[in-house]
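Please take a moment to look over the sequence and the three-dimensional structure shown here before reading on.

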Number of protein chains: 2
Amino acid sequence: MTSYETPTNNLVGPLLTDLYQITMTYAHWKNKRHEEHSVFELFFRKNPFKGSFTLFCGLDEVVKHLHAFKFSQEDIDYLKSTPSLQHCDPGFFDYLLQLDCSKTQIQALPQGSLAFPRVPLVIVSGPLGVGQLLETTLLTLINYPSLLATNAARMVLRAHDHDNHRPQSADLPRQCQKQILCAEFGLRRAQGPDGGFSASKYAFVGLFAATSNVKAGKELGIPIVGTHAHAFVQSYLSLDEVQELTVANKNSGGQVNLLEKVLEYRDNKNGANLGEDFQKTNDGELAAFIAYACAFPDSFLCLVDTYDTVKSGLLNFCMVSLVLGDLGYTPKGIRLDSGDLAALSMACAHKFAELAKSQNRPFFHDLDIVASNDINEKTLVKLNQQGHAITLYGIGTNLVTCQAQPALGCVYKLVELNGKPRLKLSQEIAKVLIPGRKRAYRLFGKKEAPLLDLMVDADKDDPPEAGKPVLCRNPFQAMDRVMVTPSRVTLLHGVYFDGGKEALESVGSLQENRNLVKEQLGGVAGMGILDYEEPKQYPVMVSDNLYNFLHTMWQEQLPVPELS
Amino acid sequence: MTSYETPTNNLVGPLLTDLYQITMTYAHWKNKRHEEHSVFELFFRKNPFKGSFTLFCGLDEVVKHLHAFKFSQEDIDYLKSTPSLQHCDPGFFDYLLQLDCSKTQIQALPQGSLAFPRVPLVIVSGPLGVGQLLETTLLTLINYPSLLATNAARMVLRAHDHDNHRPQSADLPRQCQKQILCAEFGLRRAQGPDGGFSASKYAFVGLFAATSNVKAGKELGIPIVGTHAHAFVQSYLSLDEVQELTVANKNSGGQVNLLEKVLEYRDNKNGANLGEDFQKTNDGELAAFIAYACAFPDSFLCLVDTYDTVKSGLLNFCMVSLVLGDLGYTPKGIRLDSGDLAALSMACAHKFAELAKSQNRPFFHDLDIVASNDINEKTLVKLNQQGHAITLYGIGTNLVTCQAQPALGCVYKLVELNGKPRLKLSQEIAKVLIPGRKRAYRLFGKKEAPLLDLMVDADKDDPPEAGKPVLCRNPFQAMDRVMVTPSRVTLLHGVYFDGGKEALESVGSLQENRNLVKEQLGGVAGMGILDYEEPKQYPVMVSDNLYNFLHTMWQEQLPVPELS
């Protein structure tokens, strides 16, 4: 017997649900249908952010929840005490108390998969009672992680779009040519501790390189980054405050008074000829940088915009960096947190190029320029258009709040009960359900790029095969159909939970999920699906059988509107 | 020694922070300033949602965090192992390991207070090292709760605005005259388990009446509500499925077959003369309602829009309700989850009024009409304008995501170090800090309504007194000043944490926090501050001393821009 991890968050359990799941389950129990075999599909109807793709995440916590699913006696006592359930038959609470997921199976897309509208992310099969009780928790565990990972990947894609905007010029500072990375800085703006933690986790799956969240670093092994804030800079008012600080000389040994060495540059006592501008910088800021350099000589990165980026912060950073360079250290870079990030980053990069040359300090070419301050997808596009020298984005608020669309509208629908397909009729065609138990495949073309996702009837249809033509139909438009001869076919869903027994598939590590994202995004690159503006829609089709079945059900069950 | 609760979420602890708090603390430690006395203020600069008020929440978890604040050996081992901290002096980790909040004090507004821009929500005093380490966690614990409670209260205010729109008419269905309640339905759309849980908790403080979240109900004692979803209705296809179901006759005892009794109404076998419309409803839906009625005869409330609200759901509900009424039960109401909620609610209410009269069943007058489906503040305003008969709103996505503004921009700033005020200069006047340790007061006028909040210098200013004129100045506009003679003065901040010793104030229960919200919103009613459109700004002023001190500091420290 393998032991399984419990959910990361101690709030997760059978009670983390909407009351109506319990009242519905009671009604099913009362009518003796709680053990009937049901199939629920969890899916979304529309890609978020006006885009054409979604990354599926949250499966890791779903599997943990199913393994740990068990009402405690305390839970039951609470339920018995609530006015809404006080008249329930006591036998129902006995039923709940012994309930577990031993008869439930979870099929799902792999975590990190590219997912498209109406293709189930998760298929829950098993007793109706349990299937119903899982709804809210599964939605809670999947909606935000998938939304966040998608948002993260979109931001990384936009950051990388920079490659297409870069002018070809020999004079371009080296920073303009670096591969750009994104780091997650959103803990303080998330919906509490767990919103922040989930953001760190699934942003990493969605190709962010690091997080500022130390807890996420510890628990999940994500690289953590961070240096200092404005408060640190403010906390120094004058150079007197760092008079005593020393740093080891890596070249010749011994301790060196950093302030003295910095002042030699500032006052041009060492022939470096930095110029008068360097004498007009803010002293408190310079003191703060010196203090920071003494603490982190090996990873010196400064926030340079507390007073004036170009006239003070940048120059103070450069002076301290020159000294650190003299002592055998390699400074790391600067962070910009306000102002015109494109122009400021270019100004800083040009200054770095100039000093690299005039002071013969090649490390200036390799300095990072970190930009933060309300970055979102739109800003990233704009920065690319303006031209910038940013090498790393720190993204907080707009990443974690998914401000452009703060919720993914996943739904959880009963598609089959006791072997009979269920249909939710709706006057809105967008809300119509594709009934019955289905299998879903991704069909690849000659170039190894995916052509479309195909859903077929799990019982009546043969699986599509490589080299064999198959008719694919748009479920909602009769004339939209295509005969596809795939070069390769993959079954989309694997079994990730099977009654608590060893399942066929494991969710894998975050790094594996992240690799899958990279691979799948790479697989559709150039198809227009990942574009920011007017992205191409990826086709999701159904088999001819499923199409006909669906339309027969509609015709039989949807009342013909009357005109009079 | 009192024992204190630990934070609700197991992720909360000293590591739930941004890495830069730890690197800054190291730099302070390295420069031997970690024990220097510091004062940080946590405040926001702008009310959310284009409004004029904010409700302060999150203090309960802040206090728990300070009591529990302690790095574990495992935390320290992790920190030592991270590349960013690998070169740190080992003594620093010894310092962290023994660290606690025994020298730190938290002053704060009471939880549930009306808060305004720049008046600190929380003031943290104590050693610089600890003050720095608390920043991110406190922001995380306060930003979302305050934003959410504010959003909730705004929605409740908008729901209650209905009173001003109601036409005076004797024919108006009784539902139109009920006090409207709001319930939180957002768990599945929140940022994971803890986002959902926090939403339930602070929405209750922000005057929501109930939640669907069972876990929040159990842990926090919030009333829980919920009945059934579309999936439940869909799970029934025909009347055969409920043939055997019975319900107790409350009047005469014995069990009654509900389906038989319902069919007597439907087929007009009991002389009720309901009309032909009642014979054309959806059978699956009627079966589902019958099944639900057998489970919950005492709290019968049905979702009526699965097929067609007016032609099917409403009529099915009414038939089952008539039978329940015959058997001595009082049905509770309906829920609408799609379509034109204003028009549908009115249609349903009129049908209820008609049946109350024609069937002589007064309970129809008292039925609730619950509305859900993407409700937000704007929708509520529009529904009031249209005229509706909704008695309870179920609000999910837009409440928990705070879609109109998904993050509150609280900041945490060092205002004093070693008794010396600190100033963050900024070219943006909005970002300028009011330096130094301050006290804040609310000044009330003759009508017992608050006039303004006044911040004074903690050392140099006498506290304002009732009956005594005091000059109040806008910190940023020299000509905006007013002489106020308050009828009453309250000190805004209390001490909620004092080094782990028994603090002067306790955060109180959620119910007490909620009562404070009610009292404080009531206190400013009619002042225009709570209005939806162009709300009146509430003045936040400073003493003459503070004004002069601030302006002297600015003149001394802000460089004069140069033109050339």
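This is a predicted model: local features need pLDDT of at least 70, side-chain atom pairs count only at pLDDT 80 or more; totals for chains, interfaces and linings use all residues.

In chain A, the domain assignment gives domain 1 as residues 19-152 + 405-557 and domain 2 as residues 161-400, and the centres of domain 1 and domain 2 of chain A, taken over C-alpha atoms, are separated by 44 Å. Their contact draws 21 residues from domain 1 of chain A and 19 residues from domain 2 of chain A. The size of an interface is often given as the accessible area lost when the parts come together. Between domain 1 and domain 2 of chain A, the buried area is about 1700 Å², and carbon and sulfur atoms give 67% of this area. On the side of domain 1 of chain A, the residues that lose the most area to domain 2 are Leu510(A), Arg514(A) and Tyr532(A), which together account for 37% of what that side buries.

The crossing in which α1(A) passes α4(A) is right-handed. From α1(A), the residues Ile22(A), Thr25(A), Tyr26(A) and Trp29(A) meet Gly91(A), Phe92(A) and Tyr95(A) of α4(A), and by class this contact has 5 nonpolar, 2 polar and no charged residues.

Another pair in chain A is formed by helix α11 (residues 283-295) and helix α12 (residues 309-326), whose axes come within 9 Å and cross at roughly 35°, with α11(A) passing α12(A) in a right-handed crossing. Here α11(A) contributes Glu285(A), Leu286(A), Phe289(A), Ile290(A) and Ala293(A), which meet residues of α12(A) including Phe317(A), Met319(A), Val320(A) and Leu324(A). The residues of this contact between α11(A) and α12(A) divide into 8 nonpolar, 3 polar and 1 charged.

In chain B, the axes of helix α7 (residues 192-205) and helix α16 (residues 510-524) come within 7 Å and cross at roughly 50°, and α7(B) and α16(B) are therefore oblique to each other. Lys201(B), Phe204(B) and Val205(B) in α7(B) are in contact with Leu510(B), Gln511(B), Asn513(B), Arg514(B) and Val517(B) in α16(B). The contact of α7(B) with α16(B) comprises 4 nonpolar, 2 polar and 2 charged residues.

Technical notes. Residues are numbered from 1 along each chain as its sequence is written. Chains are lettered from A and ligands numbered from 1 in the order in which they are written. Side-chain values use heavy atoms; hydrogens and water are left out. A crossing is left-handed if the near helix is turned anticlockwise from the far one by less than a right angle, and right-handed if clockwise. Helices (H or I, at least four residues) and strands (E, at least two) are DSSP runs, numbered from the N terminus. Contact means heavy atoms within 4.5 Å. Ala, Val, Leu, Ile, Met, Phe, Trp, Tyr, Cys and Pro count as nonpolar, Asp, Glu, Lys and Arg as charged, and the others, Gly among them, as polar. Domain bounds come from an automatic or database domain assignment. Buried area is the accessible area (1.4 Å probe) that two parts lose on being put together, summed over both. Axes are lines fitted to C-alpha atoms, for helices over the stretch in contact, and angles run from 0 to 180 degrees between N-to-C directions. Angles under 35 degrees count as roughly parallel, over 145 as roughly antiparallel, 65 to 115 as roughly perpendicular and the rest as oblique.
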